Amino acid sequence: MKYRQLTKEQFENLHEEFARFLASQSIDAKEWKQIKAEKPTIATDEMNVFSDVVWDDVLTRTQYLEHFSETTANLFKCEDDEIHRIVIKINWDINLLEQKGFEWLMQNPMDNSVDIFKGSKPYQGERNVELFDLIEKGSSVSKGEIFDYFNQLVS
């Protein structure tokens, strides 16, 4: 597998897409039940292939990621050949995981207790695999508004 198998909840949410995927391989609902019961390894392989297809599609369309901790925000803009990163570090008792702390940051981005660092680098390996790794480490796909806001401040 290139990524990881989708969770049970993700499969349930993508039930129709998975059914179409199986149909594209000439596997109907009755045959799928039989495969699951009699050939669980093949069933797992089919689920893994579908998971990789879904992850590749999602990651290919991903343009921004963000990861917040209590005192740090990592904002990423994911282009085709390189990734741009803005790191925001709060140097006093503000919790960015709480609404109040996040709002404080957005209203006081240039406060002396806020350090902002910016950098870019080419991907070391395959773009989607690197983005998947960031997601597995806690990053979330975003629309990029926070990245763009801070990028304008530090440009």
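The model is predicted, so local features need pLDDT of at least 70 and side-chain atom pairs count only at pLDDT 80 or more, while totals for chains, interfaces and linings use all residues. Residues are numbered from 1 along each chain as its sequence is written, and side-chain values use heavy atoms, with hydrogens and water left out.

## Pockets

A pocket is found on a 1 Å grid over the protein atoms alone, as an open set of points where a 1.4 Å probe fits, with protein on both sides within 12 Å along at least five of seven lines; its lining residues have an atom within 4 Å of a point. Grid points are joined across faces, edges and corners, and the volume is the space filled by probe spheres set on the points. Helices (H or I, at least four residues) and strands (E, at least two) are DSSP runs, numbered from the N terminus.

| Pocket | Volume | Lining by class |
|---|---|---|
| Largest | about 300 Å³ | eight nonpolar, one polar and three charged residues |

The lining of the largest pocket consists of Phe11, His15, Phe18, Ala19, Leu22, Ile27, Asp28, Ala29, Trp32, Lys33, Lys36 and Met47. The elements giving two or more residues to this lining are helix 2 (15–24) and helix 3 (29–38).

Residues lining the second largest pocket include Phe76, Ile83, Arg85, Tyr123, Glu130 and Leu134. At least two lining residues come from each of strand 3 (82–90), strand 4 (114–122) and helix 6 (127–136). Helix 6 gives the most, with four residues.

## Nonpolar cores

A nonpolar core is a set of buried Ala, Val, Leu, Ile, Met, Phe, Trp, Tyr and Cys residues joined through side-chain atoms within 4.5 Å. Buried means under 20% relative accessible area, exposed over 50%, and partly exposed in between (1.4 Å probe, protein chains only). In soluble globular proteins, nonpolar side chains tend to be buried together.

The largest nonpolar core has 22 residues, and Phe18, Trp32, Phe50, Leu59, Cys78 and Leu131 have the most contacts inside it. Helix 2, helix 3, helix 4 (40–61), strand 2 (72–78) and helix 6 each supply at least two residues of this core. Helix 4 gives the most to this core, with five residues. Another core lies apart from it, with 14 residues, among them Tyr64, Leu75, Ile86 and Phe147.

Phe18, Phe21 and Leu22 are the buried residues named for helix 2. They cover an arc of only 95° around the axis (taken from the directions from the helix axis to the C-beta atoms), which puts them on the same side of helix 2. The cover over these buried residues includes helix 1 (8–13), helix 3 and helix 4. With contact meaning heavy atoms within 4.5 Å, and leaving aside neighbours within four places in sequence, Phe18 is in contact with Phe11, Trp32, Glu46, Met47 and Phe50.

The face turned away from the buried side carries the exposed residues Glu16, Arg20 and Ser24. Glu16 has a relative accessibility of 56% and so counts as exposed.

Ser26 lies in the loop between helix 2 and helix 3. Ser26 is exposed, at 61% relative accessibility, and has a positive phi of about 60° although it is not a glycine. Most residues other than glycine have a negative phi.

## Helix 5

In helix 5 (residues 99–107), Gly101, Trp104 and Leu105 are buried. Seen down the helix axis, the buried residues fall within an arc of 100°, so they line one face of helix 5. Strand 3, strand 4 and helix 7 (145–154) are among the elements covering them. Gln99, Lys100 and Gln107 are exposed on the other side of helix 5.

## Arginine 127

Arg127 lies in helix 6. Arg127 is a charged residue that is buried, with a relative accessible area of 12%. Leaving aside neighbours within four places in sequence, Arg127 is in contact with Leu59, Thr60, Thr62, Cys78, Glu79 and Asp80. Arg127 and Leu96 are 31 residues apart in sequence, and their C-alpha atoms are 28 Å apart in space.
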